[in-house]
Amino acid sequence: LDLLDGNRRCVDCGGWEGGGGSKDGAKKKGEQQRHERLKWASVTYGTVLCGKCAFLHIDKAEHKSRIKSLDMGEWTLTEMLFMLEGGNTKF
């Protein structure tokens, strides 16, 4: 999913929550933080979210957007296909 256009940033806030940096150490730390924090998806829309935005969806719009962890729980084939057909650039 990380390779799909736009999926390296949260679809809602646009942040990738790790920043980056000009120094190698800061850049590696930013990459590690990004991978640690962009672990949520809206299966309904096939998009990737940061933790903060995912919990806002769960709290405010649970009936409109089904949020799921990218690394916990099981995914059905249908859910995986929705994600592969989606992508953050479509929104």
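Is phenylalanine 91 buried or exposed?

1. Phenylalanine 91 is exposed, because its relative accessible area is 58%, where buried means under 20%, exposed means over 50% and partly exposed lies in between, with a 1.4 Å probe and protein chains only. This is a predicted model, in which local features need pLDDT of at least 70 and side-chain atom pairs count only at pLDDT 80 or more, while totals for chains, interfaces and linings use all residues. Residues are numbered from 1 along each chain as its sequence is written, and side-chain values use heavy atoms, with hydrogens and water left out.

2. Phenylalanine 91 lies in the segment that follows helix 3 (77–85); helices (H or I, at least four residues) and strands (E, at least two) are DSSP runs numbered from the N terminus. Leaving aside residues up to four places away in sequence, phenylalanine 91 touches Val11, Tyr45 and Thr47, a contact being heavy atoms within 4.5 Å.

3. The sheet is open and consists of 3 strands in the order 2-1-3, with antiparallel pairing, where two strands pair if DSSP finds at least two bridges between them. Strand 2 (47–49) and strand 3 (67–69) each have a single partner strand and stand at the edges, so one side of each is left without a neighbour in the sheet.

4. Strand 1 (residues 40–42) pairs with strand 3 in the antiparallel sense over 3 bridges, and serine 42 has isoleucine 67 in strand 3 as its bridge partner. Helix 2 (residues 51–60) packs on the sheet and touches strand 1, strand 2 and strand 3.

Terms used: Axes fitted to C-alpha atoms, helices over the stretch in contact; angles between N-to-C directions.
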